[in-house]
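Hi,

Here's the structure I promised to pass along.

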Amino acid sequence: LLNNGEMFSYDNWSVILTRILCDVVPTRCKDFNQIENDWKIVLPKACNRKDCMKHFVEAMDSYEAMLDVKYASQLKRFYNFKDVKDFAATLRGNYEHTPENAKHIILIRHPAAVINSVLKYDVKDQSAKNDNQYYFDDLLEKDQLCEALLNLYRDSLKKNKCLVLDNSLRESTVGQLRGHTLENKWKIYNEIKKVGFQNIIVASFNHMTRVGDVFIEELKERGEDFNKFWAFSELVESFDPDGKPNIKEVPIGLRKCKQMGIKNVIIEFDLVYPSIDYNIFTTKFITDLMVERLKWARENLSPDSKILFNFRDFPKAMAVKRKETLKIVKTIANLAKDARPFGFIYEDPFGNWLPDEIAEFTSIVRKKMNNADWKEGHLLAHIHEQYSLADSTQLECLANGATGIWASLCKVGAFLGHASSSVTLMNLIRFGNKQVLNQYNCTYLRTAAQVVTEITTGIRPDNMQPVYGDRALDAVFGVDTIGDDKEFNMAKFFGVEPVMRITPLASTEMIIKRLTKLFGEDSQFNQSIALNMKEKMLEDLRNNRKEEYMSPVGLAMLFDRSGGKLTPEMCTVVSDVEATEAHHKILMKQVKEEWDEWDIRDGVQDDKVNYDAFYNGFMSAYFSCYRCEETTKALKALDMDANGQVDWNEFALYLKWALRQYPEIDTRDKLIDVAFRKGLIPAMQDEIIQASAS
């Protein structure tokens with residue numbers, strides 16, 4: 001920016017440099033009027049860039065400007081806002097989206113993006129170089145600032161090393177109806193190991209013996225590496241009824257860590273808890289106790305013990321007690337290097353806050369740590385779900401100074417879950433992040449998340465769950481309709497061929513590919529039949545008939561109803577599809593038992609019945625005359641291999657389709673009725689019409 005200073009008016013220099021001053025200068029300045037006076041000296045209109053840089057560096061050594069509301073009246077003159085409320089709203093991202101405000105907001109919130117765009121900017125009209133209005137209008141019109149902002153955001157995600165503190169053994173069981181058994185914990189642990197996470201939370205201790213305690217003993221017996229294990233502990237064991245902290249004894253979490261050989265610990269505390277007396281539990285009290293816990297851990301757990309402090313109510317604390325929160329950060333950050341903890345972690349425990357808000361809080365804490373020359377200190381985020389913002393918020397944290405996350409492989413957790421490591425890491429990968437690819441076995445993330453979900457809940461993840469849901473990799477439209485080869489392909493990344501989602505929006509090529517994939521090559525699988533299938537899907541919708549066409553059964557039925565003739569391969573594939581619901585299995589068994597009674601009448605039980613037996617056993621209620629020509633043609637339509645008999649697999653295709661489409665079927669009679677009326681008879685009619693036409 002300074003190297004291209006001729007592009008800015010004098011007023012713009014004040015805006016930009018004051019913004020930088022407000023963000024990064026390490027010491028507090030109590031008098032903003034003094035800043036203004038200093039700038040009049042530092043930035044005379046005639047000063048050159050070299051002198052300006054010199055004065056600016058000197059100023060940074062002696063000032064710290066906080067963007068608090070109480071300073072708005074002094075600062076607002078730099079940004080031309082109408083009043084103090086307007087300025088304060090802008091600082092909180094709560095501004096009116098007008099073109100005029102956009103210029104100021106970009107300056108206030110994203111100075112780095114302005115710098116990047118300026119370095120590439122070429123002013124064609126030299127007479128307009130110092131015209132503030134022209135400059136920003138031109139940049140905005142060209143979308144150059146927007147591009148710079150986008151690149152700045154994505155680059156930060158691309159370069160983030162993202163330390164993962166895995167919480168699959170703990171988070172996935174919080175708030176669930178089923179806890180983890182010892183066997184469950186071992187299965188989850190093995191999935192974590194396959195992904196390659198090197199920091200794993202194994203327990204949250206209390207006075208009772210939990211399953212986690214026994215699990216840790218078994219980990220020890222099997223010789224697992226305890227250097228990568230973490231456990232939770234409270235900063236204060238308990239508080240008296242009047243809110244006074246009880247610090248007479250070391251918290252049980254720390255004591256159990258010592259007992260069980262866990263040397264890495266997460267120490268948690270709250271800054272806005274209603275029942276705590278913060279007149280006693282002051283900022284100094286907290287920081288003194290944190291230092292004491294650090295010393296205890298390194299004396300009793302291990303000299304190289306890694307300690308993280310968790311701001312358990314981080315967003316609210318930053319909103320209502322920002323000064324106190326940042327004082328804690330600053331005090332710990334300014335400890336001697338060998339006395340500092342591993343870093344801080346924080347969470348949005350209820351998923352109530354907006355991504356921009358958490359991002360701002362994260363950025364402020366990160367700057368405090370960096371200002372204390374603690375850039376290696378970790379800052380890990382954990383975001384709970386409530387309003388579908390968790391994953392976005394977690395990415396915002398990583399883009400604004402967080403060095404990693406603490407999360408489970410899957411979203412299952414307290415409330416509606418949380419932002420999982422599998423989804424977050426896949427977002428980083430699609431932005432081109434090579435760091436996480438080198439650290440973790442990312443191609444296994446999808447499988448691991450599925451396994452952990454099923455272990456915890458007893459069921460597979462929701463089909464539409466991003467990244468690891470069964471339909472997350474579906475191809476929805478034609479292959480060539482969206483994107484190009486340069487775009488990230490998640491299915492390809494996981495080594496999975498995407499399932500063609502067959503809907504009226506699917507291309508004919510997708511339909512043909514899906515037919516061939518499921519049932520092999522066949523001359524019937526061509527553009528003409530695919531087009532008919534698309535038309536049949538639209539016809540179903542117009543007739544209020546909601547069908548499923550993705551499964552082998554559903555696609556085979558659509559093919560049949562669209563004028564195709566079911567192939568023996570279709571029957572073979574569909575015969576391997578088992579009914580999943582318990583009552584569906586019972587219904588299929590009942591029909592099969594009746595089938596077997598007719599099958600044995602020819603002296604051989606071979607899952608085949610002749611036309612006469614099939615008509616008398618199942619078909620007579622729908623076709624009144626066995627010898628009628630239409631009935632004969634209909635039976636031939638069902639006889640796919642033209643051997644004069646009806647095969648059980650041929651009939652079962654329609655039964656399974658009926659159960660899949662109409663899961664509310666609860667009796668054997670209803671099953672046969674739906675199979676005939678909605679499946680067999682329409683297919684038979686198509687065959688009769690085609691035979692008559694020929």
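Helix 11 (residues 182-195) packs with helix 21 (residues 445-457) at an angle of about 170 degrees, and their axes are 10 Å apart. Anything over 145 degrees counts as roughly antiparallel, so that's what helix 11 and helix 21 are to each other. On the helix 11 side, the contact uses Asn184, Lys187, Ile188, Glu191 and Val195; among the residues helix 21 brings are Leu445, Val451, Val452 and Ile455. By class, that contact has seven nonpolar, three polar and two charged residues. Bear in mind that this is a predicted model.

Now the strands. Six of the six residues of strand 2 (residues 199-204) are buried, so the rest of the structure largely encloses it. Strand 2 pairs in the parallel sense with strand 1 (residues 163-166) over two bridges, with Asp166 opposite Ile200. Strand 2 also runs parallel to strand 3 (residues 229-234), joined by four bridges; there, Ser204 has Phe232 as its bridge partner.

As for salt bridges, the count comes to 24. A few to look at:

- Glu224 and Lys193, with the closest N and O atoms 3.3 Å apart. Glu224 counts as buried at 19% relative accessibility, while Lys193 is partly exposed at 37%.
- Glu360 and Arg322, at 3.8 Å between the closest N and O atoms. This pair links helix 17 (residues 355-371) with helix 16 (residues 322-333).
- Asp540 and Arg561, 2.5 Å from N to O, both buried.

There's also one network, in which salt bridges with shared partners join Glu234, Glu268, Asp270 and Arg312.

Cheers

Technical notes:
Residues are numbered from 1 along each chain as its sequence is written. This is a predicted model: local features need pLDDT of at least 70, side-chain atom pairs count only at pLDDT 80 or more; totals for chains, interfaces and linings use all residues. Side-chain values use heavy atoms; hydrogens and water are left out. Buried means under 20% relative accessible area, exposed over 50%, partly exposed in between (1.4 Å probe, protein chains only). Two strands pair if DSSP finds at least two bridges between them. Axes are lines fitted to C-alpha atoms, for helices over the stretch in contact, and angles run from 0 to 180 degrees between N-to-C directions. Angles under 35 degrees count as roughly parallel, over 145 as roughly antiparallel, 65 to 115 as roughly perpendicular and the rest as oblique. Contact means heavy atoms within 4.5 Å. Ala, Val, Leu, Ile, Met, Phe, Trp, Tyr, Cys and Pro count as nonpolar, Asp, Glu, Lys and Arg as charged, and the others, Gly among them, as polar. A salt bridge is a side-chain nitrogen of Lys or Arg within 4 Å of a carboxyl oxygen of Asp or Glu.
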